[in-house]
Amino acid sequence: MTMNLNYMALAVPVFLFFIGLEYLIAKRTGKKIFNFTSSIANMNVGVAERLIDLFTAGSFYFFYDYLHKHYAMFNIKPTILTWIALILATDLVWYWYHRAGHKVNLFWGFHVVHHTSDEFNYTAGTRITVFQAVVRTLFWSVLPLVGFPASMITTMLIVHGLYPFFTHTQLIGKLGILEYILVTPSHHRVHHASNEDYLDKNFGDMFIIWDKLFGTFAKEDQEAQYGLTKQLDSYSFLWQHFHFLVEIWYAAKRENGLVNKLKIVFGSPSDFDPEIRQIVEKKFLSRHKVRVRTQKFRLYVIGQFSFMVTILFFLLLFEHQTDLFLQIMTALFILITVINCGAILEQRRWVFYLEVVRGFFVILTTFYYFPHPTTFAVFAILTISSLAYFSTLQKQYLNTLYGSQSA
């Protein structure tokens, strides 16, 4: 009997291989393009996107298929010419989606996660959120309406999704004649830069021709400064995802009348009041961090991340052999771990509660598959003991992680 494996899971070790290779080359050549905390935060976003894609990718296919069957203007068949047309159309739609993502506050609230990193390397290429996937799908819905079948679109989107990962690097210089056609690392460094001359430039994903055609092209001629024009200064997984949406909500809340509120939501990020961030950070983001006296938390984060990525790989690989309950429990465990890693990087005390939640998922899953009285008795004893010594366990955990002054 042949096992039905999901070979798309191989993208995980492939991306990690190239990240590791880039790191080794950068270290050997003396180029400081990696920062531990930022790199982990970047890859945390990528892990979450790969995980959530497990539950959403199929729905995107059925959405395209439904539109094609019921509303397509033409019935396009796969030929060499139509594949060429599709890749050009896919990239053109991406260009306008991407441009809207930088020009409209609501869309920027979904896309900003990709630009939050203050470093530019392959780890930054993994910063893709499920929010972006949903918005892109709405833009790309024009493709099945024209007549491209869902099978062609999803195949093309896999190729189109792999290419931009390799443009997120500082180790590759300019590529000669390819600079006139393709989006190269040089072009994309410009896009990720916060230099005033580089803002809102080079929106293309595979082809640079759209930027040259629509007047948004800029050549790399000065050293780039990466990140946002006003850096976020937080590695929290949750805050990196939701901070600008919270800012939009708070800014709109202060306005009178529906029209003024809509102007905030659909206005331009360049016109957005930069002081709003300081207000919402003071209101929603705790500034109470542990004064770290050890670096053990870094080793713990590396261990957690390695374990989490391994689980993710096997979950994706054996997707078709895994029942829904185990998929959901594993996904929740990984999501809590992603949040946990970000909180530890921020040296937060409340990470202990996340450990409790992860333990709960492990207990629940174990009892679901092994509903034996002995299993229940063992977990009951562990739970009662943990509750009885909760404060002691919390203090010991924080002391071990952060040092003796953390509790």
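This is a predicted model: local features need pLDDT of at least 70, side-chain atom pairs count only at pLDDT 80 or more; totals for chains, interfaces and linings use all residues.
Helix H15 passes helix H17 in a right-handed crossing. H15 covers residues 351–369 and H17 covers residues 390–402. Their axes come within 10 Å and cross at roughly 115 degrees. An angle from 65 to 115 degrees counts as roughly perpendicular, and H15 is therefore roughly perpendicular to H17.

On the H15 side, the residues that meet H17 are Val351, Phe352, Tyr353, Glu355 and Val356. Their partners in H17 are Phe390, Leu393, Gln394, Tyr397, Leu398, Leu401 and Tyr402. Sorted by class, the residues of this contact are 10 nonpolar, 1 polar and 1 charged.

Glutamate 355 also takes part in a salt bridge, and its partner is arginine 358. The closest N and O atoms of glutamate 355 and arginine 358 are 2.5 Å apart. Both residues belong to helix H15, where they stand 3 residues apart, about one turn of the helix. An α-helix has 3.6 residues a turn, so residues three or four places apart point the same way. Is this pair buried or exposed? Both arginine 358 and glutamate 355 are buried.

The phi angle of glutamine 347 is near 55 degrees, a positive value in a residue that is not glycine. Glutamine 347 has a relative accessible area of 16% and is buried, because the cut-off for buried is under 20%.

How many does a search of the whole structure find? The search of the whole structure gives 9 salt bridges. Side chains of opposite charge can pair when their charged atoms come close.

One of these salt bridges joins the side chains of aspartate 53 and arginine 50, with an N to O distance of 3.7 Å. Aspartate 53 and arginine 50 are 3 residues apart in helix H2 (residues 36–71), and so about one helical turn separates them. Arginine 50 is partly exposed, its relative accessible area being 23%. The pair also belongs to a network of salt bridges that links Glu49, Arg50 and Asp53.

Another salt bridge connects arginine 189 with glutamate 220, at 2.8 Å from N to O. Arginine 189 lies in helix H8 (residues 185–192), while glutamate 220 lies in the loop between helix H9 (209–214) and helix H10 (237–254), so the pair ties together parts that are 31 residues apart in sequence. Arginine 189 and glutamate 220 are both buried.

The loop between H8 and H9 contains leucine 199 and aspartate 200. With a relative accessibility of 35%, leucine 199 counts as partly exposed. Which residues does leucine 199 contact, leaving aside its neighbours within four places in sequence? They are Ala193, Ser194 and Thr229. From C-alpha to C-alpha, leucine 199 is 27 Å from valine 159, and the two are 40 residues apart in sequence. Aspartate 200 has a phi angle near 55 degrees, again a positive value in a residue other than glycine. Aspartate 200 is partly exposed, with a relative accessible area of 26%.

H4 spans residues 105–115 and is mostly covered, 9 of its 11 residues being buried. These buried residues are Asn105, Trp108, Gly109, Phe110, His111, Val112, Val113, His114 and His115.

The axes of H3 and H4 come within 6 Å and cross at roughly 100 degrees. H3 and H4 are therefore roughly perpendicular to each other. From H3, the contact is made by Tyr97, His98, Ala100, Gly101, His102 and Lys103; from H4, by Asn105, Phe107, Trp108, His111 and His115. By class, the residues in the contact of H3 with H4 are 4 nonpolar, 6 polar and 1 charged.

Note on methods: Residues are numbered from 1 along each chain as its sequence is written. Side-chain values use heavy atoms; hydrogens and water are left out. Axes are lines fitted to C-alpha atoms, for helices over the stretch in contact, and angles run from 0 to 180 degrees between N-to-C directions. Helices (H or I, at least four residues) and strands (E, at least two) are DSSP runs, numbered from the N terminus. Angles under 35 degrees count as roughly parallel, over 145 as roughly antiparallel, 65 to 115 as roughly perpendicular and the rest as oblique. A crossing is left-handed if the near helix is turned anticlockwise from the far one by less than a right angle, and right-handed if clockwise. Contact means heavy atoms within 4.5 Å. Ala, Val, Leu, Ile, Met, Phe, Trp, Tyr, Cys and Pro count as nonpolar, Asp, Glu, Lys and Arg as charged, and the others, Gly among them, as polar. A salt bridge is a side-chain nitrogen of Lys or Arg within 4 Å of a carboxyl oxygen of Asp or Glu. Buried means under 20% relative accessible area, exposed over 50%, partly exposed in between (1.4 Å probe, protein chains only).
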